[in-house]
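Visitor: I am new to protein structures. Could you take me through this one, feature by feature?

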Amino acid sequence: MQTRRFTQLDSVWPAGLGRRLGAMLYDGFLVTAIWIAVTVTHMVFFRYVLGQQPEEIGTTPSDVWSLRLMLVFFVTLFFVFSWSRGGMTLGMQAWRLRVQSADGRSLNLKQCLIRCAVAWLSLLAFGLGYLWVLFDKQRRSWPDIASNTQTVVLPKK
């Protein structure tokens, strides 16, 4: 995956908690839509390809774990694609946020995967990983710190 250097590096500033939460709310709607599509596809596969009866779907550990893995995989794919391509998801775009490497480049695959993993941990820790922005002098969240990235606000056009 080829990284690219972003422009406007001198006119951006570290994102605060409010904007990040706004973007997360927007992206939460997209994640929900992805999860609904994956779940419906999973159910259709088990019903019509594997021939399970409707009341049997989701009753075995393999049914449950395959769905969970698919949900995590497709959401991770969404974020990796968005961050590596343009540095922003649709929610981040609405709030004029961009995630970039410390030197102002788009993220590589490793940074995206680290960011995703630490984002889940941050949420599991009751959001502490994102509240960290309030205490860090550079306004970095745990995903920012772990992946050596920064989330910045873009200037108005």
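**Reading the model step by step**

Guide: Let us start with a pair of facing residues. Arg98 stands opposite Val152 in strand 3. This is a predicted model.

Visitor: How do strand 2 and strand 3 run, and how many bridges join them?

Guide: They run antiparallel. Five bridges join strand 2 to strand 3, which covers residues 149–153.

Visitor: Which way do the side chains of strand 2 point?

Guide: General idea first. In a regular strand, side chains alternate between the two faces of the sheet. Now this case. Leu97, Val99 and Ser101 point one way from strand 2. Arg98 and Gln100 point the other way.

Visitor: Is strand 2 mostly covered or mostly open?

Guide: Strand 2 is mostly covered, and five of its five residues are buried.

Visitor: What does Leu97 touch, leaving out residues up to four places away in sequence?

Guide: Its contacts include Ala15, Arg19, Arg20 and Ala23. Gly87, Met88 and Met92 are also among them.

Visitor: Which residues touch the most other members of the largest nonpolar core?

Guide: The general idea: in soluble globular proteins, nonpolar side chains tend to be buried together. In this model, the largest nonpolar core has 15 residues. Phe79, Trp83, Met92, Leu97, Val99, Leu107 and Cys112 touch the most other members. Helix 1, helix 2 (61–85), strand 2 (97–101) and helix 4 each supply at least two residues of this core. Helix 2 gives the most, with five residues.

Visitor: Now charges. How many salt bridges does the structure hold?

Guide: Side chains of opposite charge can pair when their charged atoms come close. The structure holds four salt bridges. Take Asp144 and Arg20, whose side chains meet at 2.9 Å, N to O. This pair links distant parts of the chain: Asp144 is in helix 6 (residues 142–147), and Arg20 is in helix 1 (residues 17–49). They are 124 residues apart.

Visitor: Are Asp144 and Arg20 buried or exposed?

Guide: Buried means under 20% relative accessible area. Asp144 has 1%, so Asp144 is buried. Arg20 has 5%, so Arg20 is buried too.

Visitor: Which residue does Arg115 meet in a salt bridge?

Guide: Arg115 meets Asp144, at 2.7 Å, N to O. Arg115 sits in helix 4 (residues 109–124) and Asp144 in helix 6, 29 residues apart. Both Arg115 and Asp144 are buried. Salt bridges that share partners join Arg20, Arg115 and Asp144 into one network.

Visitor: What about the salt bridge between Arg105 and Asp103?

Guide: There the side chains meet at 3.8 Å, N to O. Arg105 is partly exposed, at 31% relative accessibility. Asp103 is partly exposed as well, at 43%.

Visitor: Which residues does UniProt list for "transmembrane region"?

Guide: An unreviewed UniProt entry lists residues 21–45, 65–83 and 112–133. Compare that record with the model. Residues 65–83 are 100% helix and 0% strand, with end C-alpha atoms 27 Å apart. Residues 112–133 are 77% helix and 0% strand, with end C-alpha atoms 19 Å apart.

Definitions and conventions: Residues are numbered from 1 along each chain as its sequence is written. This is a predicted model: local features need pLDDT of at least 70, side-chain atom pairs count only at pLDDT 80 or more; totals for chains, interfaces and linings use all residues. Side-chain values use heavy atoms; hydrogens and water are left out. Helices (H or I, at least four residues) and strands (E, at least two) are DSSP runs, numbered from the N terminus. Buried means under 20% relative accessible area, exposed over 50%, partly exposed in between (1.4 Å probe, protein chains only). A nonpolar core is a set of buried Ala, Val, Leu, Ile, Met, Phe, Trp, Tyr and Cys residues joined through side-chain atoms within 4.5 Å. Contact means heavy atoms within 4.5 Å. Two strands pair if DSSP finds at least two bridges between them. UniProt positions are given in the numbering used here, feature names are shortened, and annotations may be inferred rather than shown by experiment.
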